[in-house]
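Hi everyone, thanks for coming. I'd like to walk you through a structure that may be new to you, so please have a look at it with me.

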Amino acid sequence: MPLFEISKTKLVSLEQTNFPSEKKLQHLVEENLGTIFNCRFVASEFPTGPTHGGRIDTLALSEDNNPVIIEYKKVESSELINQSLFYLAWINDHRGDYKIAVQQALGNNVKVDWSDVRVICIAPNYRKYDLHAVQVIGANIELWQYRYFKPGLVYLEEVFRKSYTPFSESAQQGKSPVMIAAGKKAAITRATGSYTFEQRLKNMPQKIQNLALEIQEYVMSLDPAMAEVPKKFYVAYKISQNIVCMVVRKSQINLYLKLDPGTIKNRPPNSSRDVTDIGHYGTGDFEILIKDRGDLETAKPFIEMAYRKVGG
């Protein structure tokens, strides 16, 4: 993937290089966890004890308070995926050790949500066998590819995320045509732990269900890499980090966008507010209330703005 610099009317190809060591790559990511993945740093080179005899490159906590494991390689290697799966098994068996590490790094009041464990692999390339393997393994694993260019430019791209499952025929029975069409087009219902998108719509009025599906369809259409992550009280839409969180209520839908309310130049809708210092489900400081399709149309430019700001 060549990268060019614009010099007046000419394109100048930037020379591709690599990090001198995996440590340099690791330190760069750890110093910028919030910018890249919106995660909080927990530990580096975390020992897994004498029985497992390994060290997890980076432990972190996501914006949704889920555990995060990050492993790195500066060369193409299948060991990266094997190590990541090994550490995924370890952290599920040693939740207490991880919780202590989180408390030491972030304070005793931080709670860990074990409904989802995020595993991130970062390498310059992956073999076709690795890509096939992660598809059939079934673990929640993300493969990220990087390119390092002179003079000091880094490009990160997600190449695989085990997060999509199609709507089953049984799940569609009894649903309205609108819901079925939107579900098939989006094809992104994701279950993390015991939570699903359909659970968020259960017992909601049909009008609200249809609005939620229209929001789902619009947000997912912004980028092929967009992932839907249902949580206990909300649904997050993310790429490297959450872009918008949707809370479905009986009379309205609350959207929380990853935007700084103080920097929004466009005139915000009357149904919006700054919730930076107001507690709410999900992440995002800019709230927009959706009660009908008109509200959704008004909200769309701001949803796209949040998508652009995060780096989509």
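First, a word of caution: what you see here is a predicted model. The chain contains 11 helices and 15 strands. Of its 312 residues, 48% are buried. If we take the contacts with a separation of 6 or more, 59% of them come from residues 24 or more positions apart.

Now let's find helix α10, which covers residues 206–220. From its first C-alpha to its last, α10 reaches 21 Å, and that is close to the 21 Å expected for its 15 residues at 1.5 Å a residue. Is α10 mostly covered or mostly uncovered? It is mostly covered, with 11 of the 15 residues buried. Among those buried residues are Ile208, Leu211, Ile215, Tyr218 and Val219.

Next to look at is its partner, helix α11, residues 293–310. The two helices pack with their axes 11 Å apart, at an angle of about 25°. Because of that angle, α10 is roughly parallel to α11. As for handedness, the crossing of α10 and α11 is right-handed.

Which residues make this contact? On the α10 side, they are Leu211, Glu214, Ile215, Tyr218 and Val219. On the α11 side, you'll find Arg293, Leu296, Lys300, Ile303 and Glu304. Sorted by class, the contact has 6 nonpolar residues and 4 charged ones, with no polar residues.

Note on methods:
Residues numbered from 1 in each chain as written. Predicted model: local features only at pLDDT ≥ 70, side-chain atom pairs only at ≥ 80, totals over all residues. Heavy atoms only, no water. Axes fitted to C-alpha atoms, helices over the stretch in contact; angles between N-to-C directions. Helix = DSSP H or I, 4+ residues; strand = E, 2+ residues; numbered from the N terminus. Parallel < 35°, antiparallel > 145°, perpendicular 65-115°, else oblique. Left-handed = near helix turned anticlockwise from the far one by under 90°. Contact = heavy atoms within 4.5 Å. Nonpolar A, V, L, I, M, F, W, Y, C, P; charged D, E, K, R; others polar. Expected span 1.5 Å × (residues − 1). Buried < 20%, exposed > 50% of the residue type's maximum accessible area, 1.4 Å probe, protein only.
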